[in-house]
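Q: Could you show me how to read the main features of this structure, one at a time?

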Amino acid sequence: MFKHFQRVRHFSRSRLLCKPPIDSNGLYYGKFTKEEYDQAAKYVKDQYDNLANLIKGTTHIRENLDKMPAFPSIDRTKGGIKVENLSQFFEQTIKTTGPITLLAYMRQCLTHPDFGYYTTRNPLDFKTGDFITSPEISSMFGEMLGIWLYSTWLNQDKPSSINIIEFGPGKGTLMHDVIQIFNKFVMNKVKINIIMIESSSVLRYEQYKLLCTQHPFNSTEHGFNKSITKWNNEIWWCNTEKDIDLINESIEVPNYILAHEFFDALPIKSFIKQKNGWRELLVEHSPSVNNTQGKLPSNEETSNNDLLNADFHLTLAPNETPSSMIPKLNPRYENLPVGSRVEICPDSEFYLMKMIQLLNNNKGAVLIIDYGLSNQIPENSLRGIYKHKFVSPFIKPGEVDLSIDVDFQNLKNIAKNYTNVYGPVDQGDYLHECGIGHRAQQLLDKNSDNYSEQEKIFNSYKRLTDKDDKSMGKIYKFLCLLPKDSKPPVGFGGSV
Ligand SMILES: C[S@@+](CC[C@H](N)C(=O)[O-])C[C@H]1O[C@@H](n2cnc3c(N)ncnc32)[C@H](O)[C@@H]1O
């Protein structure tokens, strides 16, 4: 067969190369004049050439690069589409690619280098910020964590050198109060290095101002920041958990890790179970769709209509996306009925695994503090927070804080394979076990002739520990990881 094919090809080529037969009347192939033959031959040759050019391509692709529609670019010099804010960025992206994943939407809203919520502002600013956190309410909060750190350090044979690592340190207030109290207890005799995992350069600088007054704010060869604190600790800043390994010495000494309201700021994926499998919720552009997020509390006033008109909305992917595999392959979601909605935070698992990896040589600890669910799968918790009010997560992208309920059950399930896990316990119980009642009383006594200061101390104490809906004592939970075979820590039923 193959030989036959070769022969046919050979025959055809030789026929093409042959001179045409001309008869005694000067007719080509006994039919055509020379002129007719030349015209037909030229036509056939042109057709061949066109075909060959089509196959090879007549232009160099790079010559046309800046004339082709480009992915939305921010700084347009040639071509592309000018984008001045995240709304335009998403609108153009969705026009080009179709609906985008919720995770991509959230990641850009939170940490886009030019327009992200955390990367462009200090959301905890006293006057202009959108929310307030426990360390900012009262220094008693950080002091209790400092006492806890001291008790854990005692239980681990008092290592002479430690790292304190904080994920998402905000204004640096928690680190400030923890170090202050820990140093007091150990009489400045422990060598402490500090590592701050912070994606926002604005907040990094706030942290630097609070923790390191006299020393310069330097950059390292890896593009991180470095300085010396006012207590003479070396302090580094890096962007993500992956960078920690690049910082000297971090692996060799015990790592004590804090993450307060960090996990709730990580992006999620969201899925709905359909009869034919899991379908991902994607973000679609829709200037006309009104916000219908179920989480908006009815007693919050949202008089400004701007806050109801969302530019984007969630839409269900018609088919399986590659991410549909995540709920499909996880036995945790297997028996959920059709119609169930779940939120999954892959980033939280990466961060958690890094924290676990940092519990080296049977020393160190991880303390995760956040709001979330102890024993349930998060369903529809994504919310926007803007000027101390809940709003749709799909308005003013990059200007509104986005947050989710932390899936403590998932964190626990993963961690228990590698470490001892304690909690989650309610913030009120943890703080009382660490001694916040005594500390509040001490401060009240100290201010016995200052009624307004006393009122402030008492109100902060109540706000941090009470378990009603308006306080933080029950809504916020503490989860602790210690190396295997550790004994239960203070705050979780243990003692020194
Ligand atoms: C809700 S604030 C909490 C701040 C602080 N822990 C407190 O309680 O006051 C979240 C913090 O995490 C940081 N952050 C958010 N996403 C991050 C990410 N992907 N990587 C590193 N830091 C992040 C923010 O810049 C901010 O410092």
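Q: In what order do the three strands of the open sheet lie?
A: This is a predicted model. The order is E14-E13-E15, in an open sheet with antiparallel pairing.

Q: Which are the edge strands?
A: An edge strand pairs on one side only, and here that describes E14 and E15. From one strand to the next the twist averages 40°.

Q: Over how many bridges do E13 and E15 pair?
A: Strand E13, residues 383–386, and strand E15, residues 401–403, share three bridges in the antiparallel sense.

Q: Over how many bridges do E13 and E14 pair?
A: Three bridges link E13 with strand E14, residues 389–391, again in the antiparallel sense. Here Tyr386 is opposite Lys389 in E14.

Q: Which residue takes a positive phi in the hairpin of E13 and E14?
A: Two residues lie between the strands of this hairpin, and Lys387 has the positive phi, near 50°.

Q: Which strands does E5 join by bridges, and how do they run?
A: Take the two neighbours in turn. Strand E4 (residues 218–219) is joined to strand E5 (residues 225–228) by two bridges, and the two run antiparallel. Asn218 stands opposite Lys226 in E5. E5 is also joined to strand E6 (residues 234–238), by four bridges and again antiparallel. Lys226 stands opposite Trp236 in E6.

Q: Where are the positive phi values in these two hairpins?
A: In the hairpin of E4 and E5, with five residues between the strands, Gly223 has a positive phi near 85°. The hairpin of E5 and E6 also has five residues between its strands, and there Asn232 has a positive phi near 75°.

Q: Turning to helices, at what angle do the axes of H6 and H7 cross?
A: A helix pair is read from the distance and the angle between axes. For helix H6 (residues 139–155) and helix H7 (residues 173–186), the axes come within 7 Å and cross at roughly 45°. H6 is therefore oblique to H7. The hand of the crossing is right-handed.

Q: Which residues in H6 meet which residues in H7?
A: From H6 they include Gly142, Glu143, Leu145, Gly146 and Leu149; from H7 they include Thr173, His176, Asp177, Ile181 and Phe185. By class, the residues of this contact divide into 10 nonpolar, six polar and two charged.

Q: How does H6 pack with H13?
A: The axes of H6 and helix H13 (residues 436–446) are 10 Å apart, at an angle of about 135°. So H6 is oblique to H13. H6 passes H13 in a right-handed crossing.

Q: Which residues meet in the contact of H6 with H13?
A: Met140, Glu143 and Met144 in H6 meet Ile436, Arg439 and Ala440 in H13. These divide into four nonpolar, no polar and two charged.

Q: How many residues surround the ligand, and which are the closest?
A: The shell is read as a list of residues around the ligand. There are 21, and the closest are Tyr118, Thr133, Gly168, Gly170 and Ser199.

Q: How does the shell around the ligand divide by class?
A: It has 10 nonpolar, eight polar and three charged residues.

Definitions and conventions
Residues numbered from 1 in each chain as written. Predicted model: local features only at pLDDT ≥ 70, side-chain atom pairs only at ≥ 80, totals over all residues. Near = placed C-beta within 6 Å. Nonpolar A, V, L, I, M, F, W, Y, C, P; charged D, E, K, R; others polar. Axes fitted to C-alpha atoms, helices over the stretch in contact; angles between N-to-C directions. Parallel < 35°, antiparallel > 145°, perpendicular 65-115°, else oblique. Left-handed = near helix turned anticlockwise from the far one by under 90°. Contact = placed C-beta atoms within 7 Å. Pairing = 2+ DSSP bridges.
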